[in-house]
Amino acid sequence: MAKLSREDLLKLAQLAKIKLSEQEIEEFSAEISDILHYVEQLQSVNIDDLAPTNQVSGLTNVMRNDEVKDYGYKPEDLLKNVPKVKDNQIEAKRMIT
Amino acid sequence: MASQWMPLMDIAKDVQEGKLKASDLVETALKNIDENREYKAIITTTEARARARAAQIDDKIKGGEKVGRLAGVPFIAKDNFLVFGAETTAASNILKGFNPPYQSTAIERLESEGAICVAKANLDAFAHGASTENSDFFTTLNPNDKERVPGGSSGGSAAAVVLNMTPFALGTDTGGSIRQPASFSGCVGYKPTYGLVSRSGVVAMASSTDVIGPLTKTVSDAAVVLDVMAGKDELDSTTIDRQENYTEIDTDLSGKKIGIIKEYFNEGLNDDVKKVVNAAIDKFKDAGAEIKEISLSDIGMALSVYYIICPAEVSSNLSRYDGQRFGYSYEAATDLEDSYLSSRGNGFGKEAKRRIIIGTYVLSSGYYDAYYKRAQIVRTKLINEFEAAFKEVDYMVGPVAPTPAFKIGENSSNPLQMYLCDIMTVAANIVGIPAISIPAGVSGNLPIGIQLMAPKKADKQLLAVAKACEAIL
């Protein structure tokens, strides 16, 4: 049975870029282990040589012409939800410290 | 409680003929919302834009101009639909204050026919849940019993319709989020065939199962709303061709082949739910339906398939909330990495975090084959099983959920227990077929719905049969 250790959980949280509180670390290792244990019932299904299903739309390769369409949006409108804007660009914290 | 609304088409007809004013309808809806505040079904109202739209419609009518076929009909959208001029939060702290620069296609199509969005309804944050208890803001109360949940994730929408705030509401259904709250609260909830309604402008959860649908008082009203929303959209490349119309749906049950999903009637099913569903099936039989028991031997695996595929897609879809481009951003971050970690750590609620981490786990290289790929293969198996079953019958019937509405707090401390609420609804999402929940009876004061399913793209046929069932329940 899958059991998520503290280290496993911290690694996953780091990969997913989520800071967890001490309380969350404790709760999540137990809860997520339970959930993973439940879904392990799939191991008992006989899957023969069936192919995986990625999507169920019945569509393949939906194409469109590669053309620019003007939906009338102004950059200011698209930037109005950005936490920090400088010179009409998104400002982020420094990457290299 | 506010008084019952007329059927959608009758409201619109009276507006078109000048017997009713769109402005009055909007005021009535806003008053209904205000008078039912205690149920906490609504996150925000959109009075200003709703009043402006209503005035526009009334002016057009005065000027003899044509108005749409839903002219003046007020509605409520789940708060994961992007609506111009309305904050869209998906009930999450991380999207608080987000004012969308564009609007969802579903809203666009409804409003171009004259319908008016008056409010945004509560949900489990990002639609992750079955009770609205995962909303980052508050829990909606069941309209029939304030100590119980309305179901979820479209719990605010279901409660709003049952409380007669507006004649219809919009929801989204990724694993049962329209049908289960419809059953718990007591209204009709329709989940269309995957791809039938554009999801452009709706906050994405699990893209391979997300669909949009209506919650209404009657099957006919659900059909009208679907008819307006359905069809291809260049902004959502997963949309499929529609049937000609979804509104000419008069039929009866004689000779209709309906399969009972045997596996849903196991020991986990609540006695009252079993009684209500069996009594409904007896009525269908009396009305001439050919009822046959169908076994779907792997349907018990559907929930496991879902709780691998859904978090995998959630972990991918929710990566866009990075604290840089929109939504909450942790101001005191020391560098970009800290900004990501802290913005997401502080901004997401527990269930979103749980699902992102499960998704990250099942997609990680060491576990991909054992979990994600295997779930996709079992998904194929389920699709095959349903296809075989639909060679024997044209429709399938069963419960919507194993129990009536549960008490607030009853399942919230155990996430797996909460996931089990979806056990009878997820299969339709995994397979992509249409399904509907219609009210079938009660357990004390609590409503119980019955679920009907049909093959892919047979939405019109399903609505017709559901209407015939509704008439004799």
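This is a predicted model: local features need pLDDT of at least 70, side-chain atom pairs count only at pLDDT 80 or more; totals for chains, interfaces and linings use all residues.
Residues are numbered from 1 along each chain as its sequence is written, while chains are lettered from A and ligands numbered from 1 in the order in which they are written.

Staying with α2(B), the buried set is B:Ala22, B:Leu25, B:Val26, B:Ala29, B:Leu30, B:Asn32 and B:Ile33. Viewed down the helix axis, these fall within an arc of 160°, so they line one face of the helix; the arc is that of the directions from the axis to the C-beta atoms. An α-helix has 3.6 residues a turn, so residues three or four places apart point the same way. The cover over the buried residues of α2(B) includes α1 (8–16), β1 (42–45), α3 (47–62), β2 (74–78) and β3 (116–121) of chain B. Helices here are DSSP runs of H or I with at least four residues, strands are runs of E with at least two, and both are numbered from the N terminus.

Further along chain B, B:Tyr190 sits in strand β5 (residues 188–191). B:Tyr190 is buried, having 31 other C-beta atoms within 10 Å. Its C-alpha atom is separated by 6.6 Å from that of B:Arg179, eleven residues apart along the chain. Neighbours within four places in sequence aside, B:Tyr190 is in contact (C-beta atoms, placed from the backbone, within 7 Å) with residues including B:Ile178, B:Pro214 and B:Ile436.

Chain A has three helices and two strands, running α-α-α-β-β from the N terminus. Its radius of gyration, taken over C-alpha atoms, is 23 Å, well over the 13 Å that the globule rule (2.2 Å times the number of residues to the power 0.38) gives for 97 residues, so chain A is more spread out than a compact globule. Buried residues make up 18% of the 97.

As for the contact between the chains, 45 residues come from chain A and 55 residues from chain B. On the chain A side, α2(A) gives the largest share, eight residues.

Technical notes: Two residues are in contact if their C-beta atoms, placed from the backbone, lie within 7 Å. A residue is buried if 20 or more other C-beta atoms lie within 10 Å of its own, exposed if 12 or fewer, and partly exposed in between; C-beta atoms are placed from the backbone.
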